[in-house]
Structure formats: C-alpha cells, structure tokens
Amino acid sequence: MNPVTESEVRAACLPNPARPSRPALRQAPPELPVSDILAEIGRIADLPLPQATTLPPQAYTSEEFFRWEIANLFENDWIALCHVSQIPNTGDFLNLEVFGEPLIVVRTKEGDIRVLSRVCPHRAMDIMPPGFGYDGHGMATPHEGKPGCGNTRFFLCPYHFWTFELDGGLKACAEMGEAEGFQRDEWGLRGFRTEVWNGFVFVNLDGGVPRTVAEQYASLAADMAPWNPAEMELIVANEWDCSFNWKVLAENFMESYHHAGAHSKTLQPMMRARDTWTEEEKPFHIRCHLPMRETVRAEIQEKENSGDGWDNFPPIPGLPEEERFSWGLVMAYPLFTFVYTADSLIWYRILPVAPDRLQLLTTILVPKSSTELPDFEARRERANRAGIDFHLEDMEVCMAVQRGLATAGYQRGRLSHLEMPVWLIQRYLAARSRGTWPTMDRPAAPSQQP
Ligand code: FES
Ligand SMILES: [Fe+2]
C-alpha cells in the first residue's frame, strides 16, 4: 500500500459542500428494506462477544437506514454542539448545520446560551448562510480563524433586513404596519431545546427527549469530575469533511485493536492494543481504558521525578493514579465522544450528514491554568500537531473502509474481543430499534477489566 500523504488526506477531508456525497456508479451493496437491516442488527447484537460479527454493509450505505437513524437516534436525543468556552461573551455565536437544520448557538445578554434556527420567520431566508451572513456582512464581526464564529449585537436577515435580538426575538422590521394583526413579538427565530452540562452545549431538535442531559449522563458524572470540563478552555478546533459513515468513525474511535496496525508507530508504542479493555455495558455510554505500557510509565515517572513535565501540559490536578497513566475513551449515546488524557480532554463533535458523509470537529480542551503558561502557544501547537498525526492515520483507514463497504468483494467480518465497543454499538442500535436502551431489556455485558 502506498502511504497516503498528509496533503492528500487533507485535500480529501477539506470542507467541500459541493462534493457529491456518493459517486453512485453501481448498486453495491444491494438495497435492503430498513426492517431487514434492523432485524439483522437485532440478531447479531444478541450473539455473545466471541461470536460477534460486523454489521450488514447497508447499515453504512443505505439512505433509508440513515433516515431511520436521524429520526430514531439523533433528532430525538441530545447532541453536543459546542463548549461554553467557544462563546464566552455576550453576542458570541457559532453557526452550524445539524441534520440539515441551520442553527446558531449564541450567548445572550443575560449570559445564557440559546440554540436558534437560522431560518427567518419572514420568507425562510437563512439569516447567516455560509460565507455570507457573518463574514463582514450585516453587523456581525467574524472571529479570526474560527469559521462560522463571530460576535454581534443582534442578528440581521440579509433579505429584507428584519433584525432579531440575541435571544431570537424580532427587534425590528420595516414596512409591516399594514399587515393586519401582525404582532412583532410573535415572529422571532425559532428556538430549540438546549441544555448546558459539564460545559458542553446540547440541543434536542424534536424537543421531546424525556430526560435532561444530566439524567442521561448521570453515570458519567463521577468519571468526568476530576477534569472539571465546565472550567476548561477549548484550545484547538479542526474541521474535517469526512467521506464515511458516522459508525465507521465511532467504531474506529472506540476500539483500540487498531493501535497494532494503523497507529503502530504513534499510539501502539505507548498504549498497546492488547492491554486495552472495556467496562461493563451501560445504558447510555461506552467506556474504554487504554493503560500505558510499564516501560512508558517508568519513563514518565522518571521525567516527573527530575522535575520535567512529559505531556504537553501539566497533569490535571487530582487525577486518580490509574488515569494519570492511561487514556480513557467514551462514547455517550448517541454522538458525544471524547478521550480523557492526563492533561486534556479530546472531544470529537460528530455530525452525520449522509450515509457516507459526516462533519467532524476535532478539539482539545485544557484547564484554564494551562492556557496561562508563558509558553502556552508552543505547547498548544505541539498538542495540535500530535493530535493531527494520529488522527490522519484514522482518517486514512476510515475513508478506505467506507469504500470497501460499498464493493462487491466486501465480506462481513468477525470481531476480536478487543473490539468489544464495536459490538456494544450494535447492541445500542438494536436496543434503540426495540424502543429501549442497552442493559434495560437484556443483561449487561460484563467488564473486560483484567
Ligand atoms: S426573509 Fe428574512 S427579512 Fe425577509
Ligand atoms: Fe485510531
């Protein structure tokens, strides 16, 4: 295999809304009705881990199945959109598309955070269409180097210049005096149900999720507490336009079997694939542990004893010993996905766009105190570089996997016990298709803790 260069991978992943989502040369794999795909997922999800097999390929390629996922996994659940440190001041906002909904996340005059539709209640104009609404047009000032982010005193629809308050209320509209019964306060931007939990801003698009974010992720709270994410700062955000299904990424993110392959020079020397393990199955999240090799631990301890740091930033104060010398992976259903490291949180914002496409934001968060170090910029650059290096390895395999899934030569594969998270994701899909959650109508799969 010829190595793919960084610039080739980057070129393939650069945001490019014009790129068709699928070349559609031929029908491989053949279309299957959603009910058949779900029946097959249900069947394999009930196999014990030693008998586990991969999903049917249509789960990664079918438009109809993707629409099922949007309706049954995403629109009716909590989706993390940003971290509060991305919009710290009144009027700070960011724009994004979530399952086709153009949204603004904004900090209001009262200091709270709203998620608003960008669709104007007058004649449906997107009030900040990409490349238009925020970069010098209207009254918003763009934030340098942060696409879609800016600051504004209010929002201006560029079509007929209706203006809106930061909370979405209609502030002014010219020439509407003759519209009978027109009440200005009835014509604001639509708001979506929003909650901030541990510093992350979540939206629920259909407004009907029966749990708060805190209730849904209660079993994560203690795990997360030492990092105190509400007080962290997001210091890196890289956008990627990925040509693969969201589950290709989720599976890749959560299983560490591939350290031995794709990351043989980057992560494997630090955290060996065969040492990684997955906790007992939970209803709302998957948690994996990636302990460092004994030799690496010894090196770290030696460096620390000699007064030298070893990571890019000082370790998070008060981390339990085990967390100091391992990485922790979390996938909180449906899409809240991150890595605990000794000095940071690495959060991946995954926004599925099509069966073979997703928008990805890879980020790094560190405690505020780390951003105040005199050589912060150099450290930030080092952390960003290291993150990009192993991320590119993942992007390369994920792109190739998606191509493989849509070929006539594709075969359903068997799973290693190290791929327990891949099987847990299947069990999550199966449980959601039964209208429940993992462990609620089946016994929980046991932990692999050594
Ligand atoms: S569509 Fe927005 S002001 Fe007319
Ligand atoms: Fe990876």
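Let's start with a pair of strands: β12 and strand β18 (residues 357–367) run antiparallel to each other and are joined by 10 bridges. Two strands count as paired here if DSSP finds at least two bridges between them. Helices (H or I, at least four residues) and strands (E, at least two) are DSSP runs, numbered from the N terminus. One of the bridges sets D241 against its partner Q359 in β18.

This pair belongs to an open sheet of 7 strands, ordered β12-β18-β17-β16-β15-β14-β13, with antiparallel pairing. At the edges stand β12 (232–242) and β13, each with a single partner strand, so one side of each has no neighbour in the sheet. As background, strands of a sheet pair through backbone hydrogen bonds, either parallel or antiparallel.

## About the model

This is a predicted model, in which local features need pLDDT of at least 70 and side-chain atom pairs count only at pLDDT 80 or more, while totals for chains, interfaces and linings use all residues. Residues are numbered from 1 along each chain as its sequence is written, chains are lettered from A and ligands numbered from 1 in the order in which they are written, and side-chain values use heavy atoms, with hydrogens and water left out.

## Overall build

The protein has 12 helices and 18 strands. Its radius of gyration is 23 Å, close to the 22 Å that the globule rule gives for 450 residues, so the protein is as compact as a globular protein of that length. The radius is taken over C-alpha atoms, and the rule is 2.2 Å times the number of residues to the power 0.38. Along the principal axes, the C-alpha atoms fill a box of roughly 75 × 60 × 45 Å.

Buried residues account for 52% of the 450 residues in the protein. Buried means under 20% relative accessible area, exposed over 50%, and partly exposed in between (1.4 Å probe, protein chains only). Of the contacts between residues at least 6 apart in sequence, 67% join residues at least 24 apart, where contact means heavy atoms within 4.5 Å.

H263 is buried at a relative accessible area of 1%, and D394 is buried at 7%.

N384 is buried, with a relative accessible area of 10%. Not counting residues up to four places away in sequence, N384 touches V236, N238 and I364.

Helix α12 (residues 420–433) has 14 residues and reaches 20 Å from its first C-alpha to its last, close to the 20 Å expected at 1.5 Å a residue. That expected span is 1.5 Å times one less than the number of residues. With 13 of its 14 residues buried, α12 is mostly covered. Just after α12, G435 takes a positive phi of about 75 degrees.

## Strand β3 and its partners

Strand β3 (residues 101–107) has 6 of its 7 residues buried, so it is largely enclosed by the rest of the structure. Strand β2 (residues 92–98) runs antiparallel to β3 and is joined to it by 6 bridges, and L94 stands opposite V105 in β3. The hairpin of β2 and β3 has 2 residues between the strands, and F99 takes a positive phi near 50 degrees there.

β3 also pairs in the antiparallel sense with strand β4 (residues 113–117), over 5 bridges. R107 has I113 as its bridge partner in β4. In this hairpin, with 5 residues between the strands, G111 takes a positive phi near 90 degrees.
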